[in-house]
Amino acid sequence: GLEYTPSGFADAAELVELAAVLRGSGLPYASHMRNEDDRLLGAVEEALHVGRVAGVPVQISHLKAQGQRNYWKAEAALSLIERARGEGLDVHFDRYPYTAYATGLSNLFPSELRAGGNAAFLARLRNPDTASRLERACRDKVALLGDWNSVQISSTNDETSWARGRRLGDLARARDVEPYALTLELLEANGGSVGMIGHGMGEENTARILSHPLGMLCSDGGAYAPYGPLSTGSPHPRGYGSFPRLLGHYVRDTGALTLASAVHKITQMPARKLRLEGRGRISVGAFADLVAFDPGTVADRATFDDPHQYPSGITHVVVNGVHTIRDGEQTGDLGGRAVRAAGI
């Protein structure tokens with residue numbers, strides 16, 4: 001997690017030393033890269049460098065190019081990855097099927113000024129010696145994404161629940177507050193921990209990345225439900241809709257990739273990368289992890305404004321041989337278990 005603290009303070013040499021522990025295991029160095037916008041290509045080069053020097057496979061997490069001025073870099077990043085693959089590096093990447101990402105509101109600010117935890121970060125926001133630098137960096141990041149409505153609040157404490165699901169620009173106008181001042185207000189009220197969704201990627205790049213032969217699908221999401229304690233907040237819809245969105249929107253509706261390719265990207269391909277034996281394929285002796293869906297109706301229903309919605313078109317789910325979803329409804333029988341890579 002090199003965009004985050006404290007991982008972002010590791011240099012390439014430290015990353016190589018850590019990744020080298022995996023040498024000979026076949027398991028990858030998985031990197032949420034150091035940068036995904038203005039310095040994207042350098043971040044890709046670093047991830048590839050770590051894999052080459054450490055002698056391990058590489059998995060680039062959530063490949064994207066943030067901000068319209070960086071959209072052209074998506075194709076350049078794919079070319080770097082393709083070249084490394086052609087030179088013998090076992091490298092892949094993954095991506096969720098949305099043009100928005102999710103992170104903390106504090107990620108609008110430079111990582112070096114978030115060092116020491118939330119209390120230290122909030123103190124720097126109040127300190128005149130550092131406050132102006134932090135404000136400039138935050139405004140630059142928002143401009144990169146587009147405007148203040150590119151920032152959507154996803155999670156807060158109960159006292160500021162009025163902000164959940166709202167776009168910062170619209171919310172600031174409704175409360176008659178300047179958007180940056182509202183950002184500071186939310187951070188202070190939540191001890192620095194506020195969830196946000198950043199609307200900053202392009203649809204054309206998203207389809208290109210999802211359809212690339214070296215790319216897999218991920219959700220990068222949590223576990224949610226439309227009821228009970230997992231229904232709080234206004235999370236990114238990827239926690240509900242990533243896989244059905246690939247099968248519905250990108251396969252059926254836009255034709256960005258074939259159904260066979262999409263199924264491969266969400267089953268056997270990641271199982272092989274993570275060396276999960278008996279997973280990701282249907283065969284005698286394999287674990288019975290099975291999903292029955294209708295290619296004509298499967299779709300994500302969760303949206304950024306109304307995320308707590310299950311997908312449609314999935315009739316049956318069998319987990320480790322246990323029928324968990326029957327005719328679209330939960331059976332109450334749970335078959336999940338922890339999984340480990342072969343030999344671990």
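A salt bridge here is a side-chain nitrogen of Lys or Arg within 4 Å of a carboxyl oxygen of Asp or Glu. With that in hand, select Arg85, Asp90 and Lys273, which are linked in a network of salt bridges. You are looking at a predicted model, where local features need pLDDT of at least 70, side-chain atom pairs count only at pLDDT 80 or more, and totals for chains, interfaces and linings use all residues. Residues are numbered from 1 along each chain as its sequence is written, and side-chain values use heavy atoms, with hydrogens and water left out.

Next, pick strand β3, residues 91-95. Helices (H or I, at least four residues) and strands (E, at least two) are DSSP runs, numbered from the N terminus. Five of the five residues of β3 are buried, so the strand is largely enclosed by the rest of the structure; buried means under 20% relative accessible area, exposed over 50%, partly exposed in between (1.4 Å probe, protein chains only). Colour Val91, Phe93 and Arg95 for one side, His92 and Asp94 for the other.

Strands pair if DSSP finds at least two bridges between them. β2 (residues 58-60) pairs with β3 in the parallel sense over three bridges, and so does β7 (residues 215-217). Zoom in on Ile60 with its bridge partner Phe93, then on Asp94 opposite Met216.

Finally, show Arg69 and Asp38, a salt bridge with its closest N and O atoms 2.6 Å apart. Arg69 sits in the loop between β2 and α3 and Asp38 in the loop between β1 and α2, so the pair ties together parts 31 residues apart in sequence.
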